[in-house]
Amino acid sequence: MSARPMTTILRITALAACVSALSACGIVPEKETISIYAPETKVQVDPSWPSVRWQLQIPRPYASDLLDSPRIVVRPEDGELQVYHGATWAGPAPDLVQDAVLSAFEDSGRIPGVSRRGAGVSGDYELMLDLRRFDSDYAGGKVPNAEVEIVAKLLDMHNSTVIGTRKLHKTVPAGGTAIGEVSKAIGTALNEAVQELVGWTLVEGQKYDASKPAAAAPPARKR
């Protein structure tokens, strides 16, 4: 065997031994196990909700850079923001909120059409959402509260008129400090916010729609 192949074999053997030694010493980091959570929402249809004839578009909610990610945010103390390690949402928080709101309107059976903006479906009104809280907050306690805060604006898409504005802030105590308990509480808070949001939107949109003057009938053709 020539000297060059032998040198190559020795180098490969030495490299493998180094990697093995580093792994044994813990220098080579192991892959972190990530748990993925998705809030479960299911609204209950209120008999007082009106059935409407107009259609609704829902743009992707606005959120800060910290909330606009799959990271699960926690406030250990006032003014301090952190994220849970080893756990994420199934998607960025604004997407989770948008999906929950869309599903709630569709499941309500009170509206003929609801869609994301840009989905190719025309809308009479638009529901703009500002996601301000989607986190757990210890607030000086030993067990956190889930905090969900959404500011909603209902707009007439034909003239960009703001029909109404609503602030929804829901607080739900978590069952414990474990991330599973925290994510469940945030899901409950989101469900309560979406429940209120759907009812408010249907009622306000219907009142505004009923107040608009009826379209004038086209003039009859002269014979």
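This is a predicted model: local features need pLDDT of at least 70, side-chain atom pairs count only at pLDDT 80 or more; totals for chains, interfaces and linings use all residues.
Local features were assigned at pLDDT of at least 70 and side-chain atom pairs at pLDDT 80 or more, while totals for chains, interfaces and linings use all residues. Residues are numbered from 1 along each chain as its sequence is written, and side-chain values use heavy atoms, with hydrogens and water left out.

A salt bridge was defined as a side-chain nitrogen of Lys or Arg within 4 Å of a carboxyl oxygen of Asp or Glu. This rule gives 14 salt bridges. One of them pairs aspartate 99 with arginine 116, at an N to O distance of 2.2 Å. Aspartate 99 belongs to helix α2 (residues 93-108) and arginine 116 to strand β6 (residues 113-116), so the contact ties together parts 17 residues apart in sequence. Helices (H or I, at least four residues) and strands (E, at least two) are DSSP runs, numbered from the N terminus. Aspartate 99 is partly exposed at 33% relative accessibility. Arginine 116 is also partly exposed, at 36%. Here buried means under 20% relative accessible area, exposed over 50%, and partly exposed in between (1.4 Å probe, protein chains only).

Glutamate 196 takes part in a salt bridge with arginine 166, with the closest N and O atoms 3.0 Å apart. Arginine 166 lies in strand β9 (residues 161-173) and glutamate 196 in helix α3 (residues 179-211), 30 residues apart. Lysine 170 also meets glutamate 196 in a salt bridge (2.6 Å, N to O). Lysine 170 lies in strand β9, so this pair ties the strand to helix α3 across 26 residues of sequence. Lysine 170 is buried, at 17% relative accessibility. Arginine 166 is partly exposed at 33%, and glutamate 196 is partly exposed at 23%.

Shared partners also join Arg75, Arg133, Asp135 and Asp137 into one salt-bridge network.
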